[in-house]
Amino acid sequence: MYLIKTPWLLKKLYPNFVWDGPNNPRCIYLTFDDGPIPIVTPFVLNILKRYNAKATFFCIGDNVRKHPDIFEQVKNDGHAIGNHTFNHLKGWDTDDKVYFDNFLQADELLDTKLFRPPYGRMKKSQLKLLQEAKPGVKAIMWNILSADFDVNITPEKCLNNILKNTRGGDIVLFHDSLKAKERMEYALPRAMEVWSKEGYEFKSLD
């Protein structure tokens, strides 16, 4: 069970998380989780370049270790980098110390103050540990979930999810992963074409 548009009540319950982008009604903040990986991440980079867009990539440390050349390409293209832990840990199911160490392991490669908890789930105690160790760390969530990870929906449904719900200032979550590939590769370029014609621009969250 998941919601495409984050409800205001959830934002109110977790005020220490960042749910919305900077207040810019003509800007959409695209974010990508789980990369970098071959084929998928370079596809995303090519689409972003086509629209002169900047985005934020929440990278898994182990994928950065495996694919440093793609990670360098993300940075060289001027996109922002976020930490997504080293092994994509689910905070609710993980001991605080283990979670913290996994964050630090990824931070050695990423060195960023942007963080997104995998699955959007982490304990407040875990966020506190991260912010004490690295002051200024921000837990970046999202306002629009594309649901590209859901193998039970069609690419057309994924596109409809974002076009129907996204407004200026929203943080939109995609995945540059193999699991999401089919739906993301269909929805991303089509959505960006529509948004561009509507006069939106695309910026990173740094």
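**Exercise 1. Find how Glu72 and Lys75 are paired, and where the two residues lie.**

Solution. Begin with the contact itself: Glu72 forms a salt bridge with Lys75, and the closest N and O atoms of the two are 3.2 Å apart. The term salt bridge stands for a side-chain nitrogen of Lys or Arg within 4 Å of a carboxyl oxygen of Asp or Glu. Side chains of opposite charge can pair when their charged atoms come close.

Helices (H or I, at least four residues) and strands (E, at least two) are DSSP runs, numbered from the N terminus.

Last, look at the accessibility: Glu72 is partly exposed, with a relative accessible area of 35%, and Lys75 counts as partly exposed at 36%. Here buried means under 20% relative accessible area, exposed means over 50%, and partly exposed lies in between (1.4 Å probe, protein chains only).

Before going on, note that this is a predicted model, in which local features need pLDDT of at least 70 and side-chain atom pairs count only at pLDDT 80 or more, while totals for chains, interfaces and linings use all residues. Residues are numbered from 1 along each chain as its sequence is written, and side-chain values use heavy atoms, with hydrogens and water left out.

**Exercise 2. Describe the salt bridge between Asp107 and Lys134: are the two residues buried or exposed, and which parts of the chain do they link?**

Solution. First, the distance: the closest N and O atoms of Asp107 and Lys134 are 2.8 Å apart. This pair links distant parts of the chain, since Asp107 is in helix 5 (residues 96–110) and Lys134 is in the loop between helix 6 (124–133) and strand 6 (138–140), 27 residues apart. Then the accessibility: both Asp107 and Lys134 are buried. A search of the whole structure finds 15 salt bridges.

**Exercise 3. Identify the backbone features around Pro36, Ile39 and Ala147.**

Solution. Take the peptide bond first: Gly35 and Pro36 are joined by a cis peptide bond, with omega about 0 degrees. Pro36 is placed in the loop between strand 2 (27–33) and helix 2 (40–50), and Ile39 also lies in the loop between strand 2 and helix 2.

Now turn to phi: for Ile39 the angle is near 70 degrees, a positive value in a residue other than glycine. Ala147 has a positive phi of about 65 degrees, although Ala147 is not a glycine either, and this residue lies in the loop between strand 7 (144–145) and helix 7 (155–165).

Finally, compare their accessibility: Ile39 counts as exposed at 61%, whereas Ala147 is buried, with a relative accessible area of 0%.
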